[in-house]
Amino acid sequence: MAKRQIRLSTDEVLRKICKPVKEITKNTLTLLDDMAETMYAANGVGLAAPQVGVLKRVVVIDIGDGLLELINPVMLEKKGSQIDYEGCLSVPGQSAKVDRPAYVKVEAFDRDGNQFIVEGEDLMAVALCHELDHLDGILYIDKALPNDETE
């Protein structure tokens, strides 16, 4: 495993749409391991592959319940609404209020190629939405609410 450099919001790679993983290879597994190490070293709760300069649909999340690895995640369902502050390892030192679903359901593949579904509420719903947005070139700052809508 190796800690990778986290790309900052001015890096154009963060605005590109990621390509699906066609085959889970040794490189995919190394990417997952490196992303987890990088996320933990930066005290983050999620990291998407473009944040380390790789345009693949790969995400890691750990909100305190253990590491979740998602390859080719797809949003299946969103319900409700929650507004809270969000930050991002690619936008250090900043946060803003964002309106996210209160519940989400996502389908993905694990490192062994097994398809699974993860459901998330509260922080997990936010983390899933935030990281999946990265795969489509969207940063939370694009969805930040104006100050007058956050009171």
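What share of the 151 residues of the protein chain counts as buried? In this predicted model, the figure comes out at 44%. As for the surface, the protein chain exposes about 8000 Å², and carbon and sulfur atoms supply 47% of that area.

On overall dimensions, the radius of gyration of the protein chain is 15 Å, which agrees with the value near 15 Å for a compact globule because that is what 151 residues would give. Taken along the principal axes, the box filled by the C-alpha atoms is roughly 50 × 30 × 25 Å. Contacts tell us about the fold too: among those between residues at least 6 apart in sequence, 65% join residues at least 24 apart.

Now for the secondary structure. The protein chain has 2 helices and 7 strands, and reading from the N terminus on, the order is α-β-β-β-β-β-β-β-α.

Strand β4 takes in residues 82-88 and strand β5 residues 91-100; the two pair in the antiparallel sense, over 6 bridges. They make a hairpin, with 2 residues between them. Within this pairing, I83 stands opposite D99 in β5. As a rule, side chains in a regular strand alternate between the two faces of the sheet.

That leaves charge. The side chains of the protein chain include 17 positive and 26 negative ones, and 7 Å separates the centres of the two sets.

Note on methods
Residues numbered from 1 in each chain as written. Predicted model: local features only at pLDDT ≥ 70, side-chain atom pairs only at ≥ 80, totals over all residues. Heavy atoms only, no water. Helix = DSSP H or I, 4+ residues; strand = E, 2+ residues; numbered from the N terminus. Rg over C-alpha atoms; globule rule 2.2 N^0.38 Å. Buried < 20%, exposed > 50% of the residue type's maximum accessible area, 1.4 Å probe, protein only. Contact = heavy atoms within 4.5 Å. Areas by Shrake-Rupley, 256 points an atom, 1.4 Å probe, with all protein chains shown as cover. Lys, Arg positive; Asp, Glu negative; His and termini not counted. Charge placed at Lys NZ, Arg CZ, Asp CG, Glu CD. Pairing = 2+ DSSP bridges.
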